Structures are given as structure tokens and as C-alpha cells.
Amino acid sequence: MMHTTFLTAAVAAASLFSLSKAQVTTPCNPLHVTCPNDKGLATSTYSIDFTKVKSWPSEWILADYSNVTFGPQGAEFTFAKRYDAPTMWTDFKFFFGRVEFVVKAAKGTGIVSSMVLLSGDLDEIDWEFLGGATSTVQTNYFGKGYTGSYNRSTTPEVASPQTMFYTYALDWSPTALVWSIDGKTVRTLNAADADGNGDQYPQSPMKVSLGLWDAGDPDAATQVWGGGVTPIPPPEPYTMYVQSVKVWNTNPAAEYQWTDKSGSMDSIKIIQDMPAPVSSSSSSSVPPAQTLSLGFTSSASTATTNT
């Protein structure tokens with residue numbers, strides 16, 4: 001990885017909004033143009049224990065200007081100064097299945113910790129934590145980039161997510177999407193009930209993205225939603241910890257091909273005959289949601305990038 005030594009104030013200011021949106025942008029939208037095939041998760045399962053990572057995992061991409069470290073509590077996403085917005089995502093996508101995140105959210109007014117699934121045509125499924133909301137988490141979804149009136153979120157209760165690890169899971173099928181915390185369902189969205197008579201139900205191959213950003217920046221338009229203005233400089237670093245990520249892929253593939261511009265699940269062609277599957281776990285069945293018991297091991301590696 002290359003390292004960024006300095007950012008000018010002008011570049012940093014311009015980067016604030018692009019970094020905050022790093023999890024929800026796409027380099028090529030197949031609704032509008034013909035895009036390259038998406039790299040798929042070629043196996044039925046994938047798992048990574050960030051507490052055991054010694055060097056940068058090759059199947060994850062680090063956003064420009066980001067800094068993510070690894071330690072005994074897992075991957076560390078830290079807001080230590082203005083414009084920090086550490087973000088990383090998988091270099092593969094999966095097509096329906098289950099994802100589990102073992103996470104302790106960051107504290108801090110305006111600080112947003114998030115786990116996001118995102119597709120090329122901007123289907124999106126979210127878990128989001130506000131640093132000042134100490135008893136709730138937000139769930140959300142979007143289809144094909146349409147946000148509507150931002151009225152799709154819910155705020156399930158969870159005790160002290162900034163001080164305790166929980167397993168946050170998403171069970172995603174063609175007919176329903178279920179959010180759960182430590183095995184307890186907190187939201188169910190039936191595909192037929194999604195906006196647009198179901199058209200905006202997330203239904204195309206997704207990458208997994210992890211990130212932290214400052215919705216309470218003094219220049220941000222998201223201060224009210226984020227819970228207030230973040231003190232600059234912050235009185236202390238604010239860190240989200242991700243112990244592990246597990247993925248079960250219903251439709252393993254080397255690549256996923258968009259055969260038209262509809263964004264429909266029926267338009268996705270599953271291509272199997274490509275080499276080099278990503279690292280995977282050994283189990284291929286989708287287990288019931290449960291809290292993971294993970295041992296802590298010390299490690300210390302850092303990755304940063306520049307443009």
C-alpha cells in the first residue's frame with residue numbers, strides 16, 4: 001500500500017462528502033450503460049476473523065485516504081481528526097444469502113458506524129449506528145438508487161452498542177430481507193412490500209462494505225440526522241471495531257453478468273466457469289443466527305492509500 005503524508009485543506013474539504021459517500025457509489029451503473037461483469041464469490045461461504053489478521057487481506061479494497069488498522073478487537077475504523085472516513089469493501093459480490101457482522105460501534109456525536117451491502121445499480125441494505133444514540137441502531141434499504149423521502153429506516157433497540165459487541169445479521173432472499181441482532185429478528189421486509197410495488201427491493205449482486213464517517217461535521221448537511229455537531233478536533237479518537245465478517249452465498253459464481261438494464265434479479269446471469277475463488281470457510285449451509293465466540297489475538301498492521 002502507498003501512503004498519504006499530507007492533505008491540503010482544500011483537498012480535505014472536497015474529500016469530506018466523497019468519503020462519506022464512499023460506501024454508496026458505483027463505478028459503473030448497469031441501469032444506464034453496459035458494465036463489466038461483477039467478480040463473484042465463487043464459493044458458498046466466506047469468513048474472516050479480523051482479530052487474527054497480520055497483513056492487509058487481499059480480498060478487501062481500502063478507500064483512498066482511508067486508514068484501517070487491525071488489533072486484538074479486530075478491524076479498527078477510527079475518527080481521530082476532521083475528514084477521517086475509513087472505509088473498506090470486498091472485491092467480490094454475492095447474490096442472495098446471509099451476512100453476519102460482529103461489531104462494536106464508535107461513540108461520538110455525529111459519528112456514523114455502518115455496515116452496508118451495495119450493488120452496481122445502487123441496491124443497498126444498511127446497518128447504521130449514530131455515536132450519540134446509545135440504545136438503538138438504524139436499519140435501511142434502497143433500490144436502484146432511489147431514496148424516496150428517506151422514510152424507510154427503522155430504529156431497533158440494542159443496549160449500549162458502543163461498548164458491547166453484538167452479531168448483526170442480514171438474511172437476504174428473493175422474497176424477504178431480515179435484520180437480526182444476536183439471533184433475534186428486529187425487522188422483516190417482504191419483497192412485495194418494498195417501494196415501487198417491489199421494484200425497489202434489493203435484488204442484484206452485492207459487495208460488503210464497512211465504514212465510519214462524520215455526519216456531524218460543521219459543514220455537513222447531515223448534522224440533524226447525525227445527532228448534532230461533532231467537536232473539531234474531537235476530544236478523543238472514536239473507533240468502530242469489527243471482529244469478523246461471515247458471508248453465505250446462495251448463488252456462488254466466478255462472475256455475475258447483467259444481461260439487460262432492468263436491474264431485475266432475473267436479468268443476472270451466473271457464470272461459473274472462471275478460476276480463482278476467494279478464500280472461503282468450510283461450511284456451506286446457512287446456520288441460525290447466533291453470537292460468535294471469538295478469541296482475541298494481538299496483531300498490528302496498518303494500511304493507507306493515496307490517489
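This is a predicted model: local features need pLDDT of at least 70, side-chain atom pairs count only at pLDDT 80 or more; totals for chains, interfaces and linings use all residues.
Modeller: Two strands pair if DSSP finds at least two bridges between them. Strands are DSSP runs (E, at least two residues), numbered from the N terminus.

Colleague: So which strands pair with β16, and in what sense?

Modeller: Strand β17, residues 268-271, joins β16 by 4 bridges, and the two run antiparallel. E255 has I271 as its bridge partner in β17. Strand β1, residues 38-39, also pairs with β16 in the antiparallel sense, over 2 bridges. There, the partner of D38 is Y256.

Colleague: Where do the β16 side chains point?

Modeller: They alternate along residues 255-258. Y256 and W258 point to one face and are buried (under 20% relative accessible area, 1.4 Å probe, protein chains only).

Colleague: New topic. Which residues touch the most others in the largest nonpolar core?

Modeller: F50, W60, F101, L210 and V245, out of 56 residues. A nonpolar core is a set of buried Ala, Val, Leu, Ile, Met, Phe, Trp, Tyr and Cys residues joined through side-chain atoms within 4.5 Å. Strand β15, residues 238-249, gives the largest share, 5 residues.

Colleague: What is W60 in contact with?

Modeller: Leaving aside neighbours within four places in sequence, its contacts (heavy atoms within 4.5 Å) include Y46, M88, W89 and V208.

Technical notes
Residues are numbered from 1 along each chain as its sequence is written. Side-chain values use heavy atoms; hydrogens and water are left out. Buried means under 20% relative accessible area, exposed over 50%, partly exposed in between (1.4 Å probe, protein chains only).
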